2 protein chains.
Amino acid sequence: MATPAQDLKPWEALRERIADDDRDGAEAVLAKLPPEETVRVLFRLSSEDQQRLLALMPPDEAADLLHEFPDQLAADLIDHLDTEAAAHIVDELPSDDVADILGSLDRAHAEAILGSMDPEAAGEVRELIDYPTDVAGGVMELEHFAYPETIRQRDFIRDVRARRKEIEQLPARLLLLDSLGRPSGAVHIEDVLLANPDSPLGTVAEPVVTLPVTADLDVLEDYFDEYETPGVPIVDDGGRLVGRVRRQDLQEALAERASSDQLKVQGIVSGEELRAMPLVSRSRRRLSWLSVNIVLNIIAASVIAMFQDTLAAVIALAVFLPIVSDMSGCSGNQAVAVSMRELTLGIVKPRDVLRVWWQEVSVGLINGAALGTLLAVAAYLWQGNAALGAVVGLALGINTIVAVSIGGCVPLLLKHFKVDPAVASGPILTTVTDMCGFFLVLGIATLSLPYLIA
Amino acid sequence: MATPAQDLKPWEALRERIADDDRDGAEAVLAKLPPEETVRVLFRLSSEDQQRLLALMPPDEAADLLHEFPDQLAADLIDHLDTEAAAHIVDELPSDDVADILGSLDRAHAEAILGSMDPEAAGEVRELIDYPTDVAGGVMELEHFAYPETIRQRDFIRDVRARRKEIEQLPARLLLLDSLGRPSGAVHIEDVLLANPDSPLGTVAEPVVTLPVTADLDVLEDYFDEYETPGVPIVDDGGRLVGRVRRQDLQEALAERASSDQLKVQGIVSGEELRAMPLVSRSRRRLSWLSVNIVLNIIAASVIAMFQDTLAAVIALAVFLPIVSDMSGCSGNQAVAVSMRELTLGIVKPRDVLRVWWQEVSVGLINGAALGTLLAVAAYLWQGNAALGAVVGLALGINTIVAVSIGGCVPLLLKHFKVDPAVASGPILTTVTDMCGFFLVLGIATLSLPYLIA
């Protein structure tokens with residue numbers, strides 16, 4: 001008999017219930033958790049226990065739990081369940097979520113699970129699984145609510161009454177299809193309410209705008225900016241209705257894109273690390289970026305090696321090398337951040353690069369002068385050597401202008417060449433600004449050596 | 001007579017129309033633009049021209065244009081219009097947007113504009129304007145669709161018919177209020193469809209969950225995670241209905257919070273810079289952060305000054321100081337990124353700091369060993385001095401562990417002390433890792449000086 005749950009941390013209690021294959025006990029522990037604690041507790045379990053818990057729960061509750069995990073981890077969990085159990089659980093999820101999950105498993109296993117799923121659901125998933133996640137086809141849900149334009153109001157209401165239980169909510173506008181399944185119009189629910197019971201709903205329909213499965217997130221965003229509707233019908237090449245993208249699905253997809261961009265900027269290239277992942281994979285994810293970075297760093301620092309005599313003559317310079325490179329990196333990153341944001345908002349396009357460059361130079365002149373002066377004074381106060389102050393201040397001033405120019409323009413250029421600006425801007429920027437910064441400090445110092453050692 | 005538009009860039013054409021106070025011409029130019037170009041073209045205009053354009057357009061179209069600008073700039077534009085014009089334009093916007101805009105003007109001017117607005121709309125805005133943007137009151141819209149629980153289906157349908165034009169869409173669930181205006185239940189539209197024409201809708205209602213105006217974004221997020229409903233009714237202290245937060249409003253608020261966090265991380269502390277802003281304000285925004293940073297940098301670099309003799313003895317060390325500090329900064333930032341993400345997902349809470357620390361140390365050991373070895377080999381190949389390789393490799397290895405420990409834990413600690421982790425993590429991290437990195441390289445070098453110069 002296990003210790004009563006109240007003496008234990010919830011995840012400890014949960015572990016015991018799982019160990020005892022005690023479904024009711026596990027459900028009881030989970031039921032007692034405040035909603036915002038659930039995910040934290042689940043992540044305290046080993047992935048083995050997480051899998052056992054999912055297998056233990058009734059499929060619908062397992063599906064709810066699975067929903068708490070980020071897509072990637074959800075996929076890992078499903079990947080480790082036996083095919084039957086996995087199929088029963090994903091059968092409880094909407095087809096678009098299932099497509100996201102199965103899409104990241106190897107194809108053979110995905111097919112095995114699809115094979116054991118409810119055939120209709122499996123068919124829907126197969127339709128979705130091949131769409132990339134950044135187009136309408138990858139974001140849409142296949143559960144759409146549409147009727148033939150020829151249906152009479154009376155029959156519609158009878159049908160809705162019959163399907164009460166399965167209809168989660170009635171859309172504000174009812175989509176109508178022509179005989180070929182192409183959206184031909186939409187009727188506001190209140191118009192349905194008020195329509196003549198015996199007239200086909202098509203007679204009170206308004207025109208409706210659709211988007212192709214291939215429309216990308218930006219096109220979808222423009223659509224929702226333009227129209228107030230909560231969702232947009234998605235059609236195939238033949239103009240036939242295949243699904244629906246809801247405003248919130250788009251918002252979520254855009255938020256995901258933003259956060260993965262952010263992770264890329266911060267150097268977790270493969271993105272999406274969670275500490276629940278195996279140690280090796282976590283450290284590999286990070287090393288993949290760090291090892292590139294250390295090579296770039298060594299290249300940049302090799303500039304210093306070229307000037308060892310100058311350094312030997314004026315050791316104090318060594319103190320300022322990291323300051324100049326760090327500060328220029330900061331200034332450059334600020335410019336990168338603004339360019340990324342203006343690209344996202346659509347305020348600038350790659351072809352605006354010259355304009356952006358000029359706008360950055362103007363800021364760079366001011367900030368370079370300010371920072372350069374600050375550093376020059378600091379250097380002078382510390383070493384009582386005006387020439388030293390002049391050298392490091394001038395170097396920082398110039399390098400600030402270089403940094404903001406690169407930082408402002410590189411994202412636009414990368415975007416132009418279809419490289420992801422989020423991931424590539426940082427490394428390019430810091431390497432160049434470091435090299436340039438070291439070169440400026442030590443180069444100017446070499447030229448003015450007589451004054452420095454005077 | 002102006003040159004025909006097709007010979008000009010759209011913004012040039014637009015400037016001319018504005019200069020000629022040619023409303024129709026301006027409308028024509030804007031009408032010809034593809035939706036995704038509008039914002040870019042608007043940002044090509046001087047803020048003076050933007051103001052004149054808004055004043056020139058009919059209020060409803062001006063409101064649409066205003067909608068293209070980020071809140072802050074929209075506020076600046078309104079701020080510079082004369083009160084009458086401003087009032088007519090914001091009268092066309094939903095009250096929550098107006099509250100955001102007027103909320104960032106000085107109170108006197110906001111009141112002046114409110115005074116010239118449609119009194120009812122102005123009243124709604126006054127209700128909203130004092131709520132911070134990160135609670136339900138700041139995100140909610142006052143336009144809610146509710147009826148007394150006593151209304152009969154027949155009368156409801158008659159009323160909906162009468163209000164056809166103003167009702168944009170019927171919610172899937174109809175909210176019902178008791179005699180005190182407190183939400184008492186909700187009825188699915190299909191239930192309304194099917195209800196007895198003469199029975200009060202309250203008789204077919206289901207219970208409904210509400211949230212207080214003071215609920216913060218995380219509480220709202222938990223609500224929408226738990227319930228499928230497209231919106232949540234917001235109530236005041238008395239439990240009376242005051243507004244409604246739609247899922248998409250929350251999504252947008254969360255996305256905004258995320259992107260402003262990202263800007264903070266990248267050192268635009270006051271966030272939200274756009275190059276359309278005046279040069280001085282742009283450079284001040286950036287300097288506010290850079291000047292803090294340069295001081296921190298100087299403090300960190302002062303460690304180097306303490307070891308000038310060692311540096312003088314082994315000049316080659318100067319090459320490795322920036323490498324060690326940059327690399328440790330990278331490792332630390334990766335840990336910060338993961339902690340920020342896990343905090344957002346609710347996977348970790350501040351009280352998990354020890355666990356997080358241990359998980360970071362384990363990654364730090366692996367990555368530190370890998371990077372340290374890499375750098376040691378590079379140093380040896382370059383200088384043919386094994387001791388030098390050992391020194392810098394060891395220093396980088398240890399400092400990597402320090403960096404990931406700080407990077408992983410600091411965001412949790414800051415969150416615990418109610419400081420915004422996004423803005424403060426970076427500077428703390430880099431300063432400490434820089435100081436520590438310099439100290440390790442030069443300290444270990446000093447101890448092993450005999451081997452280095454052997």
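1. Helices here are DSSP runs of H or I of at least four residues and strands are runs of E of at least two, numbered from the N terminus. On that basis B:Asp21 sits in the loop between helix 1 (10–19) and helix 2 (23–32) of chain B. Its phi is positive, about 50°, although the residue is not a glycine. The relative accessible area of B:Asp21 is 51%, which makes it exposed (over 50%; buried is under 20%, partly exposed in between; 1.4 Å probe, protein chains only).

2. In chain A, A:Asp21 also has a positive phi of about 50° without being a glycine. The loop that holds A:Asp21 runs between helix 1 (10–19) and helix 2 (23–32) of chain A.

3. On the basis of the model: it is predicted, so local features need pLDDT of at least 70 and side-chain atom pairs count only at pLDDT 80 or more, while totals for chains, interfaces and linings use all residues. Residues are numbered from 1 along each chain as its sequence is written, chains are lettered from A and ligands numbered from 1 in the order in which they are written, and side-chain values use heavy atoms, with hydrogens and water left out.

4. Chain A is divided into domain 1 (5–130), domain 2 (146–247) and domain 3 (266–452), with bounds from an automatic or database domain assignment. Taken over C-alpha atoms, the centres of domain 1 and domain 2 of chain A are 33 Å apart.

5. One open sheet of chain A has three strands in the order 1-2-3, with mixed pairing (two strands pair if DSSP finds at least two bridges between them). Strand 1 (146–148) and strand 3 (183–188) of chain A are its edge strands, each pairing on one side only. Five bridges join strand 2 (residues 173–177) of chain A to strand 3 of chain A in the antiparallel sense. Within strand 3 of chain A, A:Gly185 stands opposite A:Leu176.

6. Another open sheet of chain A has three strands in the order 4-5-6, and its pairing is mixed. Its edges are strand 4 (211–212) and strand 6 of chain A, each of which pairs on one side only. Strand 5 (residues 231–235) and strand 6 (residues 241–246) of chain A are antiparallel and share five bridges. A:Ile234 has A:Gly243 of strand 6 of chain A as its bridge partner, and A:Val232 has A:Val245 in strand 6 of chain A. Strands 5 and 6 of chain A make a hairpin with five residues between them, and A:Gly239 in the turn has a positive phi of about 80°.

7. In chain B, strand 2 has two partners to inspect. Strand 1 (residues 146–148) of chain B pairs with strand 2 of chain B in the parallel sense over three bridges, and B:Ala146 stands opposite B:Leu175 of strand 2. With strand 3 (residues 183–188) of chain B, strand 2 of chain B pairs in the antiparallel sense over five bridges, and B:Leu176 stands opposite B:Gly185 of strand 3. Strands 2 and 3 of chain B form a hairpin with five residues between them, where B:Gly181 in the turn has a positive phi of about 80°. Four of the five residues of strand 2 of chain B are buried, so this strand is largely enclosed by the rest of the structure.

8. A cavity is a set of points, on a 1 Å grid over the protein atoms alone, where a 1.4 Å probe fits but cannot get out; lining residues have an atom within 4 Å of a point. The whole structure has four cavities of 30 Å³ or more. The second largest cavity has a volume of about 210 Å³, a volume being the space filled by probe spheres set on the points, which are joined across faces, edges and corners. It is lined by 17 residues, and B:Arg173, B:Leu175, B:Gly231, B:Pro233 and B:Arg244 are the closest to its centre. By class, the cavity lining has 11 nonpolar, four polar and two charged residues (nonpolar: Ala, Val, Leu, Ile, Met, Phe, Trp, Tyr, Cys, Pro; charged: Asp, Glu, Lys, Arg; polar: the others, Gly among them).

9. The second largest pocket holds about 510 Å³ of space; a pocket is an open set with protein on both sides within 12 Å along at least five of seven lines. Of its 23 lining residues, B:Leu45, B:Ser47, B:Gln50, B:Ala276 and B:Met277 are the closest to the centre. Both chains contribute: helix 19 (353–383) of chain A and helix 4 (47–56) and helix 6 (71–80) of chain B each supply at least two lining residues. The pocket lining consists of 10 nonpolar, six polar and seven charged residues.
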